[in-house]
Amino acid sequence: LVANLATVAARCGKRVILIDADLGGANLHTCLGVRAGERVSLSDYLEDRVLELDKVAIETPVAGLRLILGALGHTGKAETTAEQRSALLRAVRKLPADLVIFDLAAGTDRSTIDFFLEADEGFVVTTPEPTAIENAYAFLRAAFYRKLSHELAESTARDVIRLSMDQRNERGIRTPSEIDRIDKLEGERFRRVIESFKPHLVVNQVRDSEEVKMGFSIRSVCKKYFGIDVDYAGYICFDDNVWRSVKQRQPLVLAYPSSDGALYIRRIVKKLLGT
């Protein structure tokens with residue numbers, strides 16, 4: 001999905017740099033038809049073997065799209081330190097690009113959540129299966145609490161947030177949105193943090209109308225229990241052409257531009273770019 005989003009954006013005339021930040025399972029190069037070989041990767045930058053991030057970005061077959069490879073096999077480790085993440089984000093802001101897209105690993109490890117929270121726009125991708133929906137909800141919850149803990153580090157509300165995360169707490173705090181019951185003075189500050197957390201949601205591999213509704217259900221749950229507004233950015237229908245395009249090492253939007261999946265991807269990019 002990320003490879004296709006980046007391809008469409010580049011073909012719209014944007015200078016795009018795609019960063020494979022899935023350090024434990026990098027494979028974007030395969031989706032884009034790039035032979036990785038012994039090329040430099042994100043690990044080389046994180047471990048100071050390459051000093052300028054722009055020098056790590058390599059050309060792809062798509063005009064206007066460059067790729068920063070993730071760690072490949074033995075070349076790096078899957079975890080990063082807080083210092084490495086901060087340095088990387090500072091460097092990203094200086095890249096000569098209109099759009100920088102991070103492809104993050106699945107899960108709720110600290111690196112993934114920190115990169116997600118630092119992005120100007122954060123997208124969570126799920127599929128309609130119950131296990132995937134549970135994981136998407138768990139990720140949104142973890143990211144939300146991490147943002148609150150960071151933004152309210154010096155606040156008396158931090159203990160309240162910690163209590164609200166413990167479903168067995170004895171103070172009756174079921175969600176952080178009940179903070180006004182404990183500390184009225186911090187209520188307004190708390191609400192500002194909530195309003196600044198507006199993740200986007202994409203449901204992939206949708207097969208029928210009931211599965212389309214999954215996105216609205218997740219949005220409703222997040223609003224009810226956390227008070228956060230999740231933007232349901234769209235869905236992508238199940239399309240057999242996807243696996244065919246991967247085997248061909250081409251983005252779907254290039255290999256099968258008239259497919260249903262390619263159509264829905266272009267719609268999401270159009271919304272993202274505001275065109």
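Among contacts (heavy atoms within 4.5 Å) in the protein chain between residues at least 6 apart in sequence, 68% join residues at least 24 apart. The structure is a predicted model, in which local features need pLDDT of at least 70 and side-chain atom pairs count only at pLDDT 80 or more, while totals for chains, interfaces and linings use all residues. Residues are numbered from 1 along each chain as its sequence is written, and side-chain values use heavy atoms, with hydrogens and water left out.

Of its 275 residues, 47% count as buried, where buried means under 20% relative accessible area with a 1.4 Å probe, protein chains only. The chain exposes about 14600 Å² (Shrake-Rupley method, 1.4 Å probe), and carbon and sulfur atoms supply 49% of this area.

Helix α1 (residues 2–11) is largely enclosed by the rest of the structure, because nine of its 10 residues are buried. Among them are Val-2, Leu-5 and Val-8. The cover over the buried residues of α1 includes the strands β1 (16–20), β3 (65–68) and β4 (99–103), together with the helices α2 (28–31), α12 (252–255) and α13 (260–273). Gly-13, which follows α1, has a positive phi, near 100°.

Leu-18 touches residues including Val-2, Ala-3, Ala-6, Leu-28 and Ile-101, with residues up to four places away in sequence not counted.

The axes of helices α5 (residues 110–118) and α6 (residues 130–151) come within 10 Å and cross at roughly 70°. Helix α5 is therefore roughly perpendicular to α6, a term that covers angles of 65 to 115 degrees. Residues of α5 including Ile-113, Phe-116 and Leu-117 meet residues of α6 including Phe-139, Ala-142 and Arg-146. The residues of this contact divide into six nonpolar, one polar and four charged.

Definitions and conventions:
Buried means under 20% relative accessible area, exposed over 50%, partly exposed in between (1.4 Å probe, protein chains only). Helices (H or I, at least four residues) and strands (E, at least two) are DSSP runs, numbered from the N terminus. Axes are lines fitted to C-alpha atoms, for helices over the stretch in contact, and angles run from 0 to 180 degrees between N-to-C directions. Angles under 35 degrees count as roughly parallel, over 145 as roughly antiparallel, 65 to 115 as roughly perpendicular and the rest as oblique. Ala, Val, Leu, Ile, Met, Phe, Trp, Tyr, Cys and Pro count as nonpolar, Asp, Glu, Lys and Arg as charged, and the others, Gly among them, as polar.
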